[in-house]
Amino acid sequence: MRIARSTGAVSGLLIVLLGTWVALIPFVGPYFDYSFGTNATWHYTTDRLWLDILPGALAVLGGMLLIAARTRPAGILGGWLAMVAGGWLVIGPPVSLTWESGPGPIGRPLFGTTRQMLELVGYFYGAGALIIAFSALAIGRYASRPQIAAEEAILADEPVARRTAPVASTATAPVATGRTEPAEVAPRGTPAATAETTPQAAASEPVRRTRLPFLSRRRHAREPYRSERSSAGRTS
């Protein structure tokens, strides 16, 4: 089902910004003393690939899908990709202890305790939690769209049905051809139409023109006069 592109656009844009931050902060953070392990810029390790670059790129992909999604499945897919990226940012640092023996996921956080707390939140836990929140919000909006669209369609079709109902009933009625047929004179004693005649039967019968009573009386009154004039003309 096609839906408005603005459904998950805001959440997708925020997720793209967060994913870009997560993927680039290990390399540009040392410029302002915001780093792990070493304060050298653009320092690459395998741990940074698995714990920063890949989840950041997955979050960017999910956010782009949310921005460009025009259907419900595409929007839900983008939301779930972003949610997986955010979840990995939250649980990735503890899981990395299974394959490394260092003091931290990508090295020990540098400088004072306050800055170390900000580094852990900005690199992993805080960024992952925000991505999960925005992706869950987008998934909820996409999941609720079909019910809202169905209700709007029912409300939109109801006035149309009311307008088309009389047209459908009158479409079966025969169209008058404009030809006049002689009136059928019922014999005396024939009972009139009873109340059992239905409107459908009355509508299906063609319209017939009948002569008015006073016109027939005038016609019969003129016939003797015309016969006298014709006989007088023959004798003369």
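Contact here means heavy atoms within 4.5 Å. In this predicted model, serine 96 touches Leu51 and Pro105 on that criterion, when residues up to four places away in sequence are not counted. Serine 96 is placed in the loop between helix 3 (72-95) and helix 4 (113-170). With a relative accessible area of 0%, serine 96 is buried, because burial is assigned under 20%. The side chain of serine 96 also reaches the backbone oxygen of proline 93, at 2.6 Å.

A further serine, at position 35, occupies the loop between helix 1 (9-28) and helix 2 (46-68). Serine 35 has a relative accessible area of 1% and is therefore buried. A polar contact of 2.9 Å joins the side chain of serine 35 to the side chain of asparagine 39. When residues up to four places away in sequence are not counted, serine 35 touches Pro30, Pro109, Leu110, Phe111, Glu119 and Tyr123. One of these residues, phenylalanine 111, carries arginine 115 over its face, at 5.0 Å from the ring centre.

Aromatic pairing was examined next. The structure holds seven aromatic pairs. One of them is formed by tryptophan 21 and tyrosine 34, with 6.3 Å from centre to centre and 50° between the planes, a tilted arrangement. This pair links distant parts of the chain, with tryptophan 21 in helix 1 and tyrosine 34 in the loop between helix 1 and helix 2, 13 residues apart. The two partners fall into separate accessibility classes: tryptophan 21 counts as partly exposed at 36% relative accessibility, whereas tyrosine 34 counts as buried at 12%.

Tyrosine 34 also pairs with tyrosine 123; their ring centres are 5.4 Å apart and their planes stand at 40°, so this pair is tilted. Because tyrosine 34 lies in the loop between helix 1 and helix 2 and tyrosine 123 lies in helix 4, the pair ties together parts that are 89 residues apart in sequence. Both tyrosine 34 and tyrosine 123 are buried. One aromatic cluster is formed by Trp21, Phe32, Tyr34, Phe36, Tyr123 and Phe124.

In soluble globular proteins, nonpolar side chains tend to be buried together. The largest nonpolar core of the model has 21 residues, and Ile15, Ile106, Tyr123, Phe124 and Ile131 are those with the most contacts inside it. At least two residues of this core come from each of helix 1, helix 2, helix 3 and helix 4. Helix 4 provides the largest share, six residues.

The surroundings of phenylalanine 124 were then considered individually. Leaving aside neighbours within four places in sequence, phenylalanine 124 is in contact with Phe36, Leu51, Asp52, Leu89, Pro93, Pro105, Ile106 and Glu119. Among these, Leu51 and Pro105 are also touched by serine 96, and Glu119 is also touched by serine 35.

Finally, alanine 69 is found in the loop between helix 2 and helix 3. Its relative accessible area is 3%, so alanine 69 is buried. Alanine 69 and alanine 9 are 60 residues apart along the chain, and their C-alpha atoms are separated by 8.5 Å.

Terms used
Residues numbered from 1 in each chain as written. Predicted model: local features only at pLDDT ≥ 70, side-chain atom pairs only at ≥ 80, totals over all residues. Heavy atoms only, no water. Helix = DSSP H or I, 4+ residues; strand = E, 2+ residues; numbered from the N terminus. Buried < 20%, exposed > 50% of the residue type's maximum accessible area, 1.4 Å probe, protein only. Polar contact = N/O pair within 3.5 Å; in protein donor to acceptor, adjacent residues only side chain to side chain. Phe/Tyr/Trp six-rings, centres within 6.5 Å; stacked < 30°, edge-to-face > 60°. Lys NZ or Arg CZ within 6 Å of the ring centre and 35° of its normal. Core = buried A, V, L, I, M, F, W, Y, C linked by side-chain atoms within 4.5 Å.
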